[in-house]
Amino acid sequence: MRSEEIVGSLERRYLTDLLQKGKRIDNRGFFEGRSIQIIPNVIHKAEGSAMVKWGNTVVVAGVKTSVGPPFPDTPNQGVITVNLELSPISSPTFESGPPGPDAIEMARVVDRGIRESHVIPMMHPQMCIIPGKLVWILFVDIYILDDGGNLIDASALAAMAALANTRINKVKINEETEEPILLEEMDPLPREGSVVSLTYVKIDDFILYDPSLAEDRAKIARFSVGIADDGMICSMQKGESGVFSEEEIITILEKATSRAKELNKIIDESSFLNEGEMFQFDF
Amino acid sequence: MSENKNATLLENGLRLDGRDLHELRPISMKTGVLDRADGSCYLKWGNNKILCAVYGPRELHPKHLAQPDRAIVRVEYRLATFSVNERKSPAPRRREYELSKIITESLNHILFLEKFPNGTIDVFITVLDADGGTRCAALTAASLGLADAGIPMKGLVTGCAVGKVEDKIVVDLSDVEDKDGQGDMPVAMVYNTGEITLLQCDGKFTAEEITEGLKLAKEAIGKIYQMQRRALLAKYSQIAESYDEDEEEE
């Protein structure tokens with residue numbers, strides 16, 4: 001029965017002392033990430049899903065698809081919505097209820113990476129069923145199950161991996177009534193590449209990649225960058241009250257670009273693995 | 001989905017998924033799966049996937065809910081948005097509030113709440129994939145999560161639904177049997193004492209059918225109770241094993 005851990009200046013002091021000796025709490029290098037596992041296609045009822053285990057962090061993302069009206073200003077484009085739950089299952093400090101500012105920021109950072117990189121091409125003809133009337137609507141829902149730090153990167157990876165394993169129904173239009181008929185047969189969701197998020201935090205004057213839970217709590221500033229498989233930077237988000245210098249941002253972007261290549265590779269490797277077989281997850 | 005309530009659910013005396021009338025789906029459960037929770041359980045029951053986290057006994061906020069002579073139990077049963085056929089809105093519906101309430105009441109019975117005045121025991125249950133019988137599976141998982149958190153208990157509570165399909169009483173209804181069958185009767189009990197902690201039903205049953213259903217439910221609950229015991233013991237036998245190894249090293 002541990003419940004809430006009181007963390008404060010003591011833990012921050014301990015981390016800083018370690019960092020000054022060139023060490024992290026889990027013996028990683030400053031720019032070294034933790035081990036990552038993607039388990040694709042884990043939810044029967046979802047049209048696409050993936051579980052990501054990122055160090056001690058566990059996240060599951062599911063995609064539900066439906067057809068509905070497009071936004072009036074983009075009559076030929078599909079619609080995507082990213083939602084994130086900081087479920088009380090994942091931490092003694094998270095409370096239930098509608099998403100708070102933290103969960104909303106995370107969901108929007110993940111959303112921005114996917115949206116701006118155009119890895120899911122919303123203008124693809126397959127996304128639009130009847131122009132101006134009926135398009136595909138994708139709901140990407142992310143559940144944090146265990147909080148081991150760096151929730152943004154783990155969530156972005158889970159969302160991307162779930163989309164890379166999503167199928168949508170083939171559609172036939174009844175020529176007399178112009179009503180669409182969803183067929184049982186399914187096609188992979190159109191996808192052009194992938195995008196990943198990389199988060200760096202600042203503790204004292206040190207910059208670290210992939211914060212663990214203790215580092216996440218002790219950080220004074222956070223910087224997340226979304227990088228697509230073609231190396232383009234698609235989204236950035238600086239968070240918390242601390243600051244970065246221009247040089248620091250440039251260093252981070254350099255480090256991030258090479259790390260992004262590795263992460264984008266594991267998304268492709270998990271996409272429709274064994275021809276889209278269902279996998280079981282365990283803890 | 002299907003509007004035909006009489007759709008064929010039995011063929012040659014077997015159910016659509018090939019099960020015998022009184023056969024359970026495959027069940028597996030594991031405790032201590034979450035790092036941050038005080039107690040946790042991951043339970044797979046057919047295609048149901050249920051994750052439960054327990055916190056406490058801990059301080060209760062807001063204070064005005066506190067009971068001066070005992071702890072309260074708060075249960076949150078939630079369906080993940082992607083766990084059902086049509087995406088569910090993330091906001092809880094009336095069904096989720098009701099199930100949370102009856103699960104709370106069921107768990108109240110087995111806990112020594114008077115030992116923790118003014119406190120709370122919080123149980124969070126998320127159904128990640130739903131396939132019929134989630135309330136019984138959720139209650140079974142919650143009971144294991146509480147035991148895993150080391151909270152004093154009178155016993156484990158175990159649930160299993162029975163129901164009526166083509167005039168036959170069947171054990172452990174699947175999603176399709178629940179929707180297209182003639183009735184559904186979730187039951188939970190403390191197996192050792194035979195006390196019934198949860199009992200609901202919808203559909204049409206005769207008194208004889210209810211009696212038969214209760215008897216079949218108790219038999220099924222006995223089997224699931226043994227699985228719960230094994231899941232709890234498994235965690236401690238692993239610890240015992242690693243302790244033995246440590247001693248050998250010394």
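These exercises work through a predicted model with chains A and B.

**Exercise 1. Check the length of helix H2 of chain A, then say which of its residues are buried and what covers them.**

Step 1. H2(A) runs over residues 101-117, which makes 17 residues. At 1.5 Å a residue, the helix should span 24 Å. Its end C-alpha atoms are 24 Å apart, so expectation and model agree.

Step 2. The buried residues of H2(A) are A:Ala103, A:Met106, A:Ala107, A:Val109, A:Val110, A:Arg112, A:Gly113, A:Ile114 and A:Ser117.

Step 3. The cover over these buried residues includes E4, E6, H3, strand E9 (195-203), strand E11 (221-228) and strand E12 (233-239) of chain A.

Step 4. Look past the end of the helix. A:His118 follows H2(A) and has a positive phi, near 55°.

**Exercise 2. Locate the centre of contacts in the largest nonpolar core.**

Step 1. This core has 144 residues. A:Ala158 and A:Ala159 have the most contacts inside it.

Step 2. Helix H3 (residues 151-163) of chain A gives the largest share of the core, 11 residues.

Step 3. List the contacts of A:Ala158, leaving aside neighbours within four places in sequence. They are A:Ala50, A:Met51, A:Val52, A:Val59, A:Val60, A:Ala61 and A:Ile142.

**Exercise 3. Characterise the side of chain A that touches chain B.**

Step 1. Count the residues. 32 residues of chain A are in contact with 33 residues of chain B.

Step 2. Assign them to elements. Strand E3 (57-68), strand E4 (79-85) and strand E6 (134-146) of chain A each supply at least two residues of this side. The largest share, 5 residues, comes from E6(A).

Step 3. Sort the chain A side by type. It divides into 12 nonpolar, 12 polar and 8 charged residues.

**Exercise 4. Find the buried and exposed faces of helix H1 of chain B.**

Step 1. Check the length. The 15 residues of H1(B), 94-108, should span 21 Å at 1.5 Å a residue; the end C-alpha atoms are 21 Å apart, which agrees.

Step 2. B:Leu99, B:Ser100, B:Ile103, B:Ser106 and B:Leu107 are buried. Seen down the axis, they fall within an arc of 130°, so they line one face of H1(B).

Step 3. Turn to the face away from the buried side. It carries the exposed residues B:Arg94, B:Tyr97 and B:Lys101.

Step 4. Among the elements covering the buried residues are strand E6 (72-79), strand E7 (119-129) and helix H2 (134-148) of chain B.

**Exercise 5. Is B:Ile50 buried or exposed, and what does it touch?**

Step 1. B:Ile50 lies in strand E5 (residues 48-59) of chain B.

Step 2. It has 25 C-beta neighbours inside 10 Å, and therefore counts as buried.

Step 3. Not counting residues up to four places away in sequence, B:Ile50 touches B:Leu43, B:Ile125, B:Val127, B:Thr134, B:Ala137, B:Ala138 and B:Ala141.

Terms used: Residues numbered from 1 in each chain as written. Chains lettered and ligands numbered in written order. Predicted model: local features only at pLDDT ≥ 70, side-chain atom pairs only at ≥ 80, totals over all residues. Helix = DSSP H or I, 4+ residues; strand = E, 2+ residues; numbered from the N terminus. Expected span 1.5 Å × (residues − 1). Buried ≥ 20, exposed ≤ 12 C-beta atoms within 10 Å, placed from the backbone. Arc of directions from axis to C-beta. Contact = placed C-beta atoms within 7 Å. Nonpolar A, V, L, I, M, F, W, Y, C, P; charged D, E, K, R; others polar. Core = buried A, V, L, I, M, F, W, Y, C linked by C-beta atoms within 7 Å.
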